[in-house]
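Thanks, everyone. Please look at the display while I talk.

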Amino acid sequence: MNVLITGAAGFIGSNFTHYIAAECPDWKVTALDLLTYAGNLENLAVLIERKQVSFVRADIADATAMEQLFAQGRFDIVFHLAAESHVDRSIQGARAFAQANVLGTQTLLDCALASRVKRFVHISTDEVYGSLGPTGRFVETTPLDPTSPYSASKASSDLMVLACGKTHGLEVIVTRCTNNYGPYQFPEKLIPLFITNAIEDQALPLYGDGMNVRSWLHVRDHCQALLLAAQRGRPGEVYNVGGSAEAEIPNVAVTKAILQILDKPTSLIKKVGDRPAHDRRYAIDYSKSKAELGWQPTIPFEQGLQSTVRWYLDNEAWWRKIKSGEYLKFYEKNYGNR
Ligand code: NAD
Ligand code: TYD
């Protein structure tokens, strides 16, 4: 199998690329990433050194570059993870989200069609459904009601992907997953930000009343779902993927669990103003994925959080470089003239 993974140097993309290299060692893997602020080639260094994957630095919204890549690559499956992914950044400026998430996805669809890709797996988010009240869970038919420019751009790309399947017959599969956590997550998202701030005895900025609920899934469980979706998913279908009921936890409880593991005081918690249009609760019904893909979460949140904290303790050099901005300078120097 000849596969393309976009966004491969990001958090989920790099975990997924490692997962595929281990689970499908005979697959030919092309790892693509623009290496924005969120992309880090260090995440893939071992795989590139061992020639288990070939890396391409390119912009998914660059039609000429993508046409060349797809014409040469002759990919069977595309796993599309590349995106601008942070809600707070989308509030500061939505343009980059429309460019990468909507135009970038459409560019890949055009190339996938022209080069007769067999399957296009589009990795999306439960955030496209909007915010839940105190009860209920998202199902695949829940109406889309995104509230942030990030989730609006993801919802738009989901619709372009599904329309491409209906209109042109491309075999598309959309997965919608809840909040992930685990190794290699950029320390702007809640869990890695709070772990690394706590290690440094810095304040943990908790938005609003801290009672917003997210459904947490370890990234390894997400990777397993993506491979199963490619292997067993029905074309044109959407599959919800996400944490179990025990992993639906208010932010303040996640924050206290991190502080407890690190043996740090709760006085590090700093209540700050709320995020505009802050979705109150996400929770997902993954029974379709369970029935059709044979998937369900396997890593309990407590265990996954423990191992994630351990990873950040063991890999201080990785996140300290990011937090100091040093790695950005490295990429400018390394790739600036190419
Ligand atoms: P991330 O920000 O860590 O990684 C995104 C990667 O995409 C980065 O490496 C970045 O350099 C790359 N990228 C951005 N724009 C690009 C472009 N124009 N061309 C090529 N590469 C580009 O994000 P993540 O958390 O790993 O999320 C990956 C995907 O999974 C996204 O599509 C996101 O919407 C989705 N998702 C994330 C979560 C989560 O909790 N993190 C949950 C559900 C779905
Ligand atoms: P985040 O990791 O940004 O993911 P998303 O917004 O996509 O769910 O945020 C997770 C939750 O944590 C969300 O309710 C916002 C909250 N949050 C904070 O309270 N403080 C922070 O500094 C961050 C980054 C998030």
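Start at Pro-205: one of its backbone N or O atoms sits 2.7 Å from a nitrogen atom of ligand 2. Keep in mind that this is a predicted model. The backbone also takes part at Tyr-207, where a polar backbone atom is 2.8 Å from an oxygen atom of ligand 2. With Arg-275 the side chain is involved: an N or O atom there lies 2.5 Å from an oxygen atom of the ligand.

How much of ligand 2 does the protein cover? On its own, ligand 2 has 510 Å² of accessible area, and the protein covers 97% of that. Two elements give two or more residues to the shell around ligand 2, namely helix 7, residues 190-199, and strand 8, residues 204-207.

There are 18 residues around the ligand, and the ones that come nearest are Glu-127, Pro-205, Arg-214, Arg-275 and His-278. By type, the shell holds eight nonpolar residues, five polar and five charged.

Now the second largest pocket. Its space is about 150 Å³. The lining divides into eight nonpolar, four polar and three charged residues.

To recap the ligand site: Pro-205 and Tyr-207 come in through backbone atoms, and Arg-275 through its side chain. That is what I have for today.

Terms used
Residues are numbered from 1 along each chain as its sequence is written. Chains are lettered from A and ligands numbered from 1 in the order in which they are written. This is a predicted model: local features need pLDDT of at least 70, side-chain atom pairs count only at pLDDT 80 or more; totals for chains, interfaces and linings use all residues. Side-chain values use heavy atoms; hydrogens and water are left out. A residue is near a molecule or strand if one of its heavy atoms lies within 4 Å of it. A polar contact is a pair of N or O atoms within 3.5 Å; within protein, one must be able to donate a hydrogen and the other to accept it, and residues adjacent in sequence count only if both atoms are side-chain atoms. Accessible areas come from the Shrake-Rupley method with a 1.4 Å probe; for residues, only the protein chains shown count as cover. Helices (H or I, at least four residues) and strands (E, at least two) are DSSP runs, numbered from the N terminus. Ala, Val, Leu, Ile, Met, Phe, Trp, Tyr, Cys and Pro count as nonpolar, Asp, Glu, Lys and Arg as charged, and the others, Gly among them, as polar. On a 1 Å grid over the protein atoms alone, a cavity is a set of points where a 1.4 Å probe fits but cannot get out, and a pocket is an open set with protein on both sides within 12 Å along at least five of seven lines; lining residues have an atom within 4 Å of a point. Grid points are joined across faces, edges and corners, and a volume is the space filled by probe spheres set on the points.
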